[in-house]
Amino acid sequence: MSPFRFSTDALDTAALQRALRDERCGGFASFEGWVRNHNEGHAVTRLEYEAFTELAEKEGARIVEEARTKFGVTRAACAHRVGSLALGDVAVWVGVSAAHRDEAFRACRFIIDEVKHRVPIWKKEHYVNGDSGWVNCERCAMPAAHTHEHEHQHAVHAPAPDYSRQIALREVGVEGQAQLRSASVLVVGAGGLGVPVLQYLAGAGVGRLGIIDADRLEPSNLHRQTWYALSECGQEKSSLAAARVSALNPEVRVEAHALRLDAHNAERLCAGHDLILDCSDNFATKFLLNDLALRTGKPVMFASVYQYEGQLQLVRGDSATAFLRCVWPDARDGLVGNCAEAGVLGPVPGVFGSLQALEALKFLLGLPGLKPGEMLIFDLITLRTQRLRAHRQPECEAHRRAASSGELQAPDELEVHFSSLADAASAGFAFVDVRDSREREAEPLPADTLHLPMSKLLTDAAKLALTGRYLMICATGKRSAAAAALLRSQGFLECRSLRGGLKSLKVSA
Amino acid sequence: MSAREIRVQYYALLREQAGRSDETLTTAARDPRELYAELRTRYPFTLPPEMLRVAINAEFGEWSQPLKAGDAVVFIPPVAGG
């Protein structure tokens, strides 16, 4: 008899418990989920449950079996109601018998949590006011995804995901599909690269996807982030992406994090994932992930685009191949433009995100592809590709040792924040304006400001004192950060950049 | 050293500033550093070599690595867009 069953009749919990009796067992733990009279502020009068029975029974049985293996318990079973339920009815029952109580409790908890996340069950709530609504709380129970789960309607009779077209591939097959299902991938950035990455990984049935993005959708994103809608501008991209993933493939467990990856949260957020995909648009994030790969041995695949071209690199912490820092020891944000500054044609990140998804699936399936340390460069103007081999730099070894012994390094304080220029002046900074003369005329800075446009930065750097405490300033903080980095590399170690540029002063004023 | 033919490819900002993706040059430059210095007299390249990587014949190389006739040299700036 299957250890997971649906029932249209009331659950006979005494009979279910009797079936798990075993003389080898010293403990029995059970959980019952009941129909309660309210949900998120709505008074509920009764409930209906529906399930894709065939798929759901298989998945449920798999969960119970996983729990038995994982916790070494003797017997376990789960029963779930479908059909119409009244207040107080038992909706779901889990029972576990084991030699000792600890594994019985843990296995019981595991089963109910996994059933809620993984088994396709839909719940229709009937409210006191006569309204009713289908809610998929059972399956979108991840806390971060909770805010969006009621915004999209789940089709009650939607078909189950069908991977037959990829299972048909000799290199994938049923076994490969199971590998994808058990895989967990963290996608850092839900923008131009992240959108195709998430679409294809969700479509392929990768079991768990983490999404990190601190930004909200802007109209200027949409020419390349074509998964989103104009009407959704202003909303968090991580939540929008998570909702899209769930709509595309409800089997995927998705977690959305509306935050920026930093030295303090990186390790926690990356834990539990088999592969990290860098779909970010800045070097601070890329180097943080690089250092995490060094420290933890976790594989990271990097992608970056610029106008009509891009670069793809796989870093494996456990191999002797090159890291991102071996290739770019000194790369800084603002040195070369990102999409906002330099422009980009929409399909360019589309191509690279698709390539990244392809390489990720191949990586998870153990198929040949981009080798660790190798960089793929694809120029989409000439359609020329290059695969360049990079070598591990000795400094990276030193870095790995340093990384394995301590905390991840926060990027040094190249950028500083001030609410006003007066604050910056009283902090002892002399101002260096790196904007061009047209911008300077339109928005002049205090009279004693040095003017050092980007184009003359290095030739005119002699005007600065090596030990001077300078604050580089531009409109948005990008050019000034690049200028400060460049000057630091030339020995001007006290250079800083005004974070967010003049724009940030206006906002805070 | 006498001049010989080197094939050069430009990426990202360098492509933009050179106004081309690639070219074949006759040069006496002994290594990528000299070659890049020579190219900076012809093109308005803003990035110093420290900020770039050079690859010779599909392998990331050193700025001081000797160049031979027929070498394919690629100058690559870091890119971070996404």
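**Close-up views of a predicted two-chain model**

L261(A) is buried because 25 other C-beta atoms lie within 10 Å (buried means 20 or more other C-beta atoms within 10 Å of the residue's own, with C-beta atoms placed from the backbone). This is a predicted model, in which local features need pLDDT of at least 70 and side-chain atom pairs count only at pLDDT 80 or more, while totals for chains, interfaces and linings use all residues. Residues are numbered from 1 along each chain as its sequence is written, and chains are lettered from A and ligands numbered from 1 in the order in which they are written.

**View 1. Surroundings of L261(A).** L261(A) sits in the loop between β12 (253–257) and α8 (266–270) of chain A; helices (H or I, at least four residues) and strands (E, at least two) are DSSP runs, numbered from the N terminus. Apart from neighbours within four places in sequence, its contacts are V188(A), I212(A), A266(A), L269(A), T285(A) and L288(A) (contact: C-beta atoms, placed from the backbone, within 7 Å). T285(A) is 24 residues from L261(A) in sequence, and their C-alpha atoms are 6.6 Å apart.

**View 2. Helices α6(A) and α12(A).** Two packed helices are described by the angle between their axes and the distance between the axes. The axes of α6 (residues 194–204) and α12 (residues 347–365) of chain A come within 7 Å and cross at roughly 35° (axes are lines fitted to C-alpha atoms over the stretch in contact, and angles run from 0 to 180 degrees between N-to-C directions). Residues of α6(A) in this contact include Y200(A) and L201(A), and those of α12(A) include G353(A) and A357(A). By class, the contact has nine nonpolar, five polar and no charged residues (Ala, Val, Leu, Ile, Met, Phe, Trp, Tyr, Cys and Pro are nonpolar, Asp, Glu, Lys and Arg charged, and the others, Gly among them, polar).

**View 3. Strand β22(A).** In β22 (residues 495–498) of chain A, C495(A) and S497(A) on one side and R496(A) and L498(A) on the other are all buried. Strand β21 (residues 470–473) of chain A runs parallel to β22(A) and is joined to it by three bridges (strands pair if DSSP finds at least two bridges between them). L471(A) stands opposite R496(A). Strand β18 (residues 415–416) of chain A is also parallel to β22(A), with two bridges, and V416(A) has L498(A) as its bridge partner.

**View 4. Chain B against chain A.** The contact takes 21 residues from chain B and 42 residues from chain A. On chain B, α1 (12–18), β3 (53–56), β4 (59–61) and β5 (72–76) each give two or more residues.

Note on methods. Two residues are in contact if their C-beta atoms, placed from the backbone, lie within 7 Å. A residue is buried if 20 or more other C-beta atoms lie within 10 Å of its own, exposed if 12 or fewer, and partly exposed in between; C-beta atoms are placed from the backbone.
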